[in-house]
Amino acid sequence: MARITVSGVSEIRGPIIIIEGVTGIRMGEYLEVNLPNKPSRKGRVLAIEEERVIILLYQGTYELEKDEIETEFFGRTMQLFVAEDMIGRVFNSQGEPLDGLPSIYSDEYRDINGSPINPTSRIYPRDYIETGISSIDSMNTLVRGQKLPIFTGAGLPNNQLIGQIVKQARIVGADSEDKFAIVFGAMGLTMDDYIYFQRLFEETGTLNKVVMYTNLASDSAAERLITPRVALTTAEYLAFDKGYHVLAILSDITNYCQALREISVALETVPSRKGFPGYMYSDLASIYERAGIIEDSQGSITLIANLTMPNDDITHPIPDLTGYITEGQIILDRSLHNRGIYPPIDVLGSLSRLMKDGIGEGYTRKDHPSLSNQLYASYAEGLDKRRLAEVIGKKELNRRDQILYEFADKFEDNFVNQGDVYRSNEDSLNLGWSLLSNLPETELTKVSEDLIREHIHNKGADSD
Amino acid sequence: MPQSTKERARIVTIKGSTVEVRGLSSYRMGEITYVGEERLIGEIIEIERDFATVQVYEPLEGLKINDPVHLTGKSLSAELGPGLLSNIFDGIQRPLEQIKKATSSSFIQRGIHINALDRHKKWQFEPSKDLTKGNLVKGGDVLGFVQETETIKCNILVPPNTNGELLSIQDKGEFKITDPIAELEGSDKKKKELTLMHEWPVRVARPFLKKLPVSEPLVTGQRIIDMFFPITKGGTAAIPGGFGTGKTILQHQLSKWSNADVVVYIGCGERGNEMTEVLREFPKLVDPHTQNPLMDRTLLIANVSNMPVAAREASIYMGITMAEFYRDQGYSVLLTADSTSRWAEALREIAGQLEEMPVEEGYPAYLGARLANFYERAGQVVTLGAPYREGSINITAAVSPPGGDFSEPVTANTKRFVKTFWGLDSNLANRKHFPSINWLNSYSGYIKIIEEWALEANLEDWGRYRQEMFTILQKDDELQHIAELIGSKALPADEQLIILVAEIIKEGFLQQNAFDKIDSFCPIEKQMKMMKLMLLFYNRAEVLIKNGCPISLIISLKTVQILKRMKEDIQNDNIIKMNKIEDYIHTDMEELGSKYGYKV
């Protein structure tokens, strides 16, 4: 399509510029602003009112001189050149290399906004991923094609947890020929965190499988809005066109949403909760919903996102809206962390919505569904007793309550607190049974008698 | 009223999901327009002098100023006729399977125009026996029928607002959906051909003869609903709950097991994989009431969260119009919408683009009116036309309150218009107590009506059982507060017994496992029997306690476990086995009784 070039602008405001007296511009069009003696800046048409074109510049408007600039409209939306060669490379949000290697040349390109997957074309995710972490594998099972955020708080070891998942994750019974890639979208990351992830990929030997898109905390907020889209466009290409199993890691969604708010305020949109725009739900959905598995394709996109809950508040709009879109969440708990438990996963608050169809006979183990239900229930009761003991003292608990109280302690100390080491799901489930064997059989209402007979050999050893 | 096309409309502004159009002297509110060269579908939502604002149901990328806009003269309408059931549509009734075939893509592209109903498929039409040439017919009269699926016979109706003398009607035979099957002559002497399908504007409620008071329950097979917070056919219910409280699974359960004739499931701004799950699972499931595949009575609307927000706004109206179409044929229809909060957010987003004055949390002032409008389309009615038919629509709608806070505008406004409230509780969900309906803050406005129905249905104990169980749960709640302070072992034995029985009720009755083959659906007869046994246990144990039997002996009775597990252990077609449990209870209690000097 023909390009149109225009000189000068009429308004500059925050990251927004407005050009007047131009026709033939398309909604959502990609453009570049050329400056004398400076690198050009990229932008997108946000709205058109007759001959007024409202534009968001990704690198901001600082030092723009009103009459000096020349805007080139490309007649198409922002596109990303895609190729398998991208694997092992590091780019900025525009897809420009940061690793000193040449740019990607390809005859294939994609619109970074993608299109919604037709629900009739989706394949329901069922293949379970073993992460080697008990609280996830046995209690909140992750499956291939799922989107699962980690709700964390400032100072909690969420990055270490992602590191452990990257190190240990494997598909049980997967074909070793399976192609695997990681797409990493860094959104407003601090340099420290960024270096952590780089090291992680180096140490785990996955560096040659990673495509990295980098937007650091010091980079522009407007640009942050395209980082996840560029990352997921790459993920879609690798998964659905090239048959890779892609693990997409986005970090941190909170930074992304802050940028979204910043831009929406600049555009004078009506705010809803806490100043975030009313369209934040739809906007987040346009990111998260790109994960999944589709028919006629060998690959898949599994999405794990870091989300730092502002002030540990799970009802804050960012975790709240995310929880409504993603297929569950892993919650990290500060009090577990303070007690030195790693990974400090809040087993009861966490959830995997796709777990029910990824476990049990033919998937993990026959006893898995009812065993995990029993562990949840007994642990929840144990926590109740702990709260009760805080009021009346542990000694005042009756025998049954004491047993449950102790169960909660043991569950946290042994099951949750596994450290940064691999534990197979098989071992996790067995550990679950051995913890349950401390409870009287009358407490085991969620598991069948057959399973009790099969798995608890030394029943009653601890109770009188 | 087809629009003359000599005037040319064109785009002057593009913003968010709306465009502003100029160039015509007059516009009609709600008129469907095709926008741009790709002919994106839109609807006129605001008129100001010679401008009109069009809400577009597809992404606007690529449009430019001065692109042509074509006005159709039609309002946003649903195609109504055989072929809707077992199908899946987007928010503006485009069939998703056909979109996939037509584009050979797994992704939804823009500017696709595909009819909701298949124009090539032939249906076996059978005319009504009592109709002959020369009869006067009116809107709602049954011309004949088509066996739409094994379960549902689709009555072919004279469309509402149409009447006249029947000039001709086809004999039994195969017809395409657009083939004329009858011809009328109206009082204005104009001839009109009728086909198997007709169209209806979705924002207008379809007419009926009169509303009836609701009278019979919608049996859902979900114990806490059927026994504690029942809903009638034609009733409305809201299911509010934070994320992870099991809204969607409860909606799935209602769609699977309710004794409605037809189910309309609207996935409105929710997850793509959830719709896929329905598509994958429902065809394999058997309707417990007819033994046919569940898909035979189900139609789905999927406007998932990343599909255009304007179409999400339309999806609710599309769904209720299709529900009304089956109601008018004389069926009971269950409409489940997941979630109305996403629909309200779509309203908010569009209102924001129009720069309307926001009220609470950015929602427009007409939020309550729109909700009322939607819920008032439920109900039990006498339909138009002959023969006499009654039909009903249930609405059960999920609400997703931000942060699980029920005081937010969508939940608060919804509460004004629904009679039943199933409040989901994240504390219950966290301990995997599902369905997580909180029995203390939920309510049903249909208790009196169901009580009357129960008397006639030989379930005269229902009201009493319900009340007794409720009393136990209520007392338990109070006792839990005390126990939290002093520990339960410091409570007197009769109070400890209440805590024990409440626990049996919570675990053995209120909790229901949607993924268990047996427990997923619980027949009314079994529900009643379960209540009876649990109360029998309580009443007998109470007497023992009064006679000095220690509570610890009652707690350790094997029957406690049996009562908690009978929901999964007793096959639904073998409820007679529950009589054995009744015997156990008597034996256990008598044994204890004889020890403590208490005789039967």
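By a polar contact I mean a pair of N or O atoms within 3.5 Å, where, within protein, one must be able to donate a hydrogen and the other to accept it. I keep in mind throughout that this is a predicted model.

**Entry 1: chain B against chain A**

Which three residues supply more than any other three of the area that chain B buries against chain A? I found B:Phe243, B:Arg271 and B:Asn273, which supply 13% of it.

For charged pairs, I noted nine salt bridges across the interface of chain B and chain A. I looked up the pair A:Arg44 and B:Glu61, which forms a salt bridge with its closest N and O atoms 2.5 Å apart.

I also checked strand pairing between the chains, and strand E5 of chain A (residues 38-49) pairs with strand E1 of chain B (residues 9-15) in the antiparallel sense over three bridges. In E1 of chain B, B:Thr13 stands opposite A:Glu49.

**Entry 2: domains 2 and 3 of chain A**

Chain A is divided into domain 1 (4-77), domain 2 (80-358) and domain 3 (368-455). Taken over C-alpha atoms, the centres of domain 2 and domain 3 of chain A are separated by 32 Å, and 26 residues of domain 2 are in contact with 24 residues of domain 3. These two domains of chain A bury about 2000 Å² between them, with 52% of it on carbon and sulfur atoms. Of the area that domain 2 buries against domain 3, A:Ser134, A:Met139 and A:Leu348 supply 28%, more than any other three residues.

How many salt bridges are there between domain 2 and domain 3 of chain A? I noted two, and I also looked up A:Arg339, which forms a salt bridge with A:Glu412, the closest N and O atoms being 2.4 Å apart. Across this domain interface I recorded 20 residue pairs in polar contact.

Conventions:
Residues are numbered from 1 along each chain as its sequence is written. Chains are lettered from A and ligands numbered from 1 in the order in which they are written. This is a predicted model: local features need pLDDT of at least 70, side-chain atom pairs count only at pLDDT 80 or more; totals for chains, interfaces and linings use all residues. Side-chain values use heavy atoms; hydrogens and water are left out. Buried area is the accessible area (1.4 Å probe) that two parts lose on being put together, summed over both. A salt bridge is a side-chain nitrogen of Lys or Arg within 4 Å of a carboxyl oxygen of Asp or Glu. Two strands pair if DSSP finds at least two bridges between them. Helices (H or I, at least four residues) and strands (E, at least two) are DSSP runs, numbered from the N terminus. Domain bounds come from an automatic or database domain assignment. Contact means heavy atoms within 4.5 Å. A polar contact is a pair of N or O atoms within 3.5 Å; within protein, one must be able to donate a hydrogen and the other to accept it, and residues adjacent in sequence count only if both atoms are side-chain atoms.
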